[in-house]
Amino acid sequence: MLGQLGGVYALLGAAVAALLAGIGSAVGVAIAGQAAAGVVTEDPAKFSKVLILQLLPGTQGIYGLLIAFIVMVKVGLLSGSMAELSVVQGASIFAACMPIAFVGLISGISQGIRGTERISQCPDVLSGCRRNAGRQKAQRTGKRYVVCSDGRNICRSCPACFLPDAEWYSDLI
């Protein structure tokens, strides 16, 4: 009985990683989708431009699902024979899944909010709209922040790479 408990912890970690990252993704896509729906209602030609900003939060769910598959392969669930894991090994795998679970939850929602801000400021943020200097700055900032926030979250899926959220990062790219 105790030998199976390690596997239960490992699979619980995989489930939590996929579930929380998926919830963050779904909420983020919904938030950005509401703003995108408003823009597309006014001008259907902008559909493809706002679709990109709406889909960015969806990547967090993919990361959670990827971690879940990696854990299932590690414990042998997909090969048909579960590996014997000690409680410590199972708890370690569970702990390794928590960063992507919580970062995916928070990041998916944050990307949805950031995408909504960019869609609201300049609906054609990815098209190179060059009407005035204020809108140009908003576009450049929007492109870099929304897209690059995804890059920071890839790094955060590794527990050793947890970095504080820094605004200066968007200026480096």
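Read along the sequence, this protein follows the pattern α-α-α-α-α-α. It contains six helices and zero strands, where helices (H or I, at least four residues) and strands (E, at least two) are DSSP runs numbered from the N terminus. The structure is a predicted model, in which local features need pLDDT of at least 70 and side-chain atom pairs count only at pLDDT 80 or more, while totals for chains, interfaces and linings use all residues. Residues are numbered from 1 along each chain as its sequence is written, and side-chain values use heavy atoms, with hydrogens and water left out.

The predictor's confidence in each residue is given by pLDDT, from 0 to 100. The protein averages a pLDDT of 75, and 68% of the residues score at least 70. Confidence is highest in helix H3, at a mean of 93, and lowest in helix H6 (residues 169-172), at 38. Over residues 123-140 pLDDT stays under 50, and the model has 31 contacts beyond four places in sequence for this stretch; a contact means heavy atoms within 4.5 Å. Residues 142-149 also have a pLDDT below 50, with 23 contacts beyond near neighbours in sequence. Where pLDDT is low, the predicted coordinates should not be read in detail.

Consider next the interior. Buried residues make up 40% of the 173 residues; buried means under 20% relative accessible area, exposed over 50%, and partly exposed in between (1.4 Å probe, protein chains only). Ala17, found in helix H1 (residues 2-42), counts as buried because its relative accessible area is 0%. Setting aside residues up to four places away in sequence, Ala17 touches Gly64, Ile67, Cys97, Ile100 and Ala101. The C-alpha atoms of Ala17 and Ile67 are separated by 7.0 Å, although the two residues lie 50 residues apart along the chain. Across the protein, 73% of the contacts with a separation of 6 or more are between residues 24 or more positions apart.

Helix H3 (residues 59-74) includes Thr59. Thr59 has 18% relative accessibility and therefore counts as buried. Val73 is also found in helix H3, but Val73 is exposed, because its relative accessible area is 57%.

Finally, the protein exposes about 9,200 Å², of which carbon and sulfur atoms supply 69%; accessible areas come from the Shrake-Rupley method with a 1.4 Å probe, and for residues only the protein chains shown count as cover.
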